[in-house]
Amino acid sequence: MNYFSSRNKSLNLSFKDIFFKGLSRDGGLFLPKKIPKILPENLKNFKKYNFQEMSFEIFKLFISNTFNDNDLKLIINKAYSNFRNANIVDIKKLDHISYVQLYHGPTLAFKDIAMQVLGEMYDMLLKNSNKKINLITATSGDTGAAAIDAVKGRKNINIFVLHPNNKISNIQRKLMTTYETDNVFNIAIKGSFDDCQKMVKDMFIDENFSQQINMSGVNSINWARIIAQIVYYFFIFYKFNKNHDSIVVSVPTGNFGDIYAGYIAKQMGLDIKELIVSTNQNNILERCINSGEYKPLNVLQSVSPSMDIQVASNFERILFYACGENSDILIKLMKDLKYHGKFNLSQKQLQNIQDNFSASSCSEEETISIIKNIYEKHNYIIDPHTATAVKPLLKKKYLNEKCFCFETAHSSKFPLAIQKAINLRSELPGKLKKIEFKIEKYDIIENQIDLVKDYILKKI
Ligand SMILES: *Cc1c(COP(=O)(O)O)cnc(C)c1O
């Protein structure tokens with residue numbers, strides 16, 4: 001299996017290449033030359049697999065010979081060894097909706113499921129080399145913690161995480177800043193998440209700098225993360241859907257990574273009837289999927305901060321297919337976005353997207369009242385991101401469908417929203433309770449890229 005860029009079909013790169021690179025130099029996103037199909041006779045075996053075994057089968061299709069079978073098994077088993085639930089991903093069924101608990105990893109959000117695998121992959125690839133890499137990442141809350149936990153204390157890796165100073169929840173910050181290993185560096189930027197994200201991109205594009213420090217990235221466009229996310233679509237279908245009925249999946253969406261994995265699962269042969277893109281009041285994707293106009297507006301702060309995004313990076317991957325796999329047409333759309341602040345899809349492109357996705361958005365008031373209603377009816381606390389994805393499933397037409405709603409984070413990560421909805425404190429699970437009392441370590445830096453570069457160079 002080799003890969004090309006959405007903006008250059010003639011590239012031919014290995015999994016290992018794209019794993020370290022993350023983003024293509026031409027600004028495009030990496031895609032597999034061909035989406036592998038799983039034949040029905042092989043799918044039959046899937047119902048016997050546990051989560052790790054299913055991961056193994058799916059990763060094998062995408063990584064060619066980067067890892068041998070034994071190493072791949074080792075990577076997967078280690079990655080999931082410290083999850084709090086033996087199934088790794090579990091279900092809570094309430095009325096017609098099955099809530100898919102994706103938050104049993106060390107930092108309480110679905111991002112652990114992929115990031116823990118990435119951490120083990122880096123370890124395996126760097127183990128026998130004297131190369132040292134530096135991961136630089138920006139976070140609006142959850143990516144940073146998941147990435148830090150995945151690489152903490154590892155040889156040959158440092159991680160630098162930029163978060164917007166005072167703009168994430170206290171729990172989100174503490175989940176990043178209380179690690180006591182010397183390869184973890186937290187930087188609070190006096191600016192917004194967009195400023196952090198832009199700095200990281202600019203450092204990547206600065207070839208002198210990025211080569212000097214052996215820079216690598218783990219943001220949500222990294223293809224390995226997509227693979228890990230494909231797994232749980234198969235897992236819920238075979239483990240929590242006895243008659244293997246066609247399923248409807250609603251996904252809290254920001255950067256379009258989690259739901260994009262569902263699209264790939266469907267192309268691989270999984271019987272998904274509908275994928276619902278669920279957003280908060282930052283509803284650029286809903287507007288685009290319903291009208292064909294993609295136009296970023298100002299980011300609004302919400303009770304579901306991990307989805308406070310206007311430019312959904314992974315959407316480019318879907319656009320590539322909607323453009324008939326023609327990079328030139330895609331590049332034209334991206335130019336429109338850059339120079340005119342928006343692009344418009346043709347009728348045919350829009351139809352292609354609507355054939356694969358529907359979309360919904362949820363206001364702040366609706367988010368809070370959904371959390372409240374579910375708690376009052378079922379004594380079950382969902383987080384605010386999850387609540388946005390419940391909304392579309394309450395429509396009458398879904399009452400008799402096999403509905404799955406992704407729970408992308410544990411409610412204890414967002415205590416203020418929970419307090420507001422049900423006037424209760426959602427407790428951190430198990431030993432995480434202790435982080436409230438741990439000493440935090442982070443440096444606050446002005447919003448200037450040169451200061452951040454100097455900081456990184458001094459630390460490595
Ligand atoms: C990152 C995140 C999302 C959005 O996921 P994407 O893959 O970026 O669409 C949703 N909910 C939570 C809790 C997250 O951390």
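Mentor: In this predicted model, the C-alpha centres of domain 1 and domain 2 lie 24 Å apart. Domain 1 is made up of residues 51-84, 109-222 and 440-459, while domain 2 takes in residues 90-107 and 224-422.

Trainee: How do you know that domain 1 and domain 2 are in contact?

Mentor: Contact asks for heavy atoms within 4.5 Å, and 37 residues of domain 1 are in contact with 35 residues of domain 2. The area that domain 1 and domain 2 bury between them comes to about 3,400 Å², with 63% of it on carbon and sulfur atoms.

Trainee: How many salt bridges does the rule find across the interface of domain 1 and domain 2?

Mentor: The rule finds one salt bridge across that interface.

Trainee: Why is the meeting of the side chains of Lys 413 and Asp 142 called a salt bridge?

Mentor: The side chains of Lys 413 and Asp 142 meet at 2.8 Å, N to O, and the limit is 4 Å, so the name salt bridge applies.

Trainee: What makes Phe 51 and Tyr 80 an aromatic pair, and what kind of pair is it?

Mentor: The count of aromatic pairs comes to 31. In the pair of Phe 51 and Tyr 80, the ring centres are 5.3 Å apart and the planes stand at 90°; because centres must lie within 6.5 Å and an angle over 60 degrees counts as edge-to-face, this is an edge-to-face pair. The pair links distant parts of the chain, with Phe 51 in helix H3 (residues 51-62) and Tyr 80, 29 residues apart from it, in the loop between helix H4 (69-79) and strand E4 (90-94).

Trainee: Are Phe 51 and Tyr 80 buried or exposed, and how do you know?

Mentor: Phe 51 has a relative accessible area of 1% and Tyr 80 one of 4%, and since buried means under 20%, both residues count as buried.

Trainee: Why is the pair of Phe 235 and Phe 240 called edge-to-face?

Mentor: The centres of these two rings are 5.8 Å apart and the planes make an angle of 85°, which is over 60 degrees, so the pair is edge-to-face. Phe 235 is buried at a relative accessible area of 1%, whereas Phe 240, at 23%, is partly exposed.

Trainee: What makes you say that Lys 131 lies over the face of Phe 20?

Mentor: Lys 131 is 4.9 Å from the ring centre of Phe 20, and a charge over a ring must be within 6 Å of the centre. Lys 453 likewise lies over the face of Phe 209, at 5.3 Å from the ring centre.

Trainee: Why is helix H13 (residues 315-322) called mostly covered?

Mentor: Eight of the eight residues of helix H13 are buried, among them Phe 315, Glu 316, Arg 317 and Tyr 321. Just after H13, Gly 324 takes a positive phi of about 65°.

Trainee: Which residues other than glycine have a positive phi, and how exposed are they?

Mentor: One of them is His 244, with a phi of about 55°, in the loop between helix H10 (223-239) and strand E10 (247-252). Asn 423 also has a positive phi, near 55°, and is placed in the loop between helix H18 (415-422) and strand E16 (443-445). Because exposed means over 50%, Asn 423 at 60% counts as exposed, while His 244 at 26% falls between the limits of 20% and 50% and is partly exposed.

Definitions and conventions. Residues are numbered from 1 along each chain as its sequence is written. This is a predicted model: local features need pLDDT of at least 70, side-chain atom pairs count only at pLDDT 80 or more; totals for chains, interfaces and linings use all residues. Side-chain values use heavy atoms; hydrogens and water are left out. Rings of Phe, Tyr and Trp (its six-membered ring) pair if their centres lie within 6.5 Å; planes under 30 degrees apart count as stacked, over 60 as edge-to-face and the rest as tilted. Helices (H or I, at least four residues) and strands (E, at least two) are DSSP runs, numbered from the N terminus. Buried means under 20% relative accessible area, exposed over 50%, partly exposed in between (1.4 Å probe, protein chains only). A charge sits over a ring if NZ of Lys or CZ of Arg is within 6 Å of the ring centre and within 35 degrees of the ring normal. Domain bounds come from an automatic or database domain assignment. Buried area is the accessible area (1.4 Å probe) that two parts lose on being put together, summed over both.
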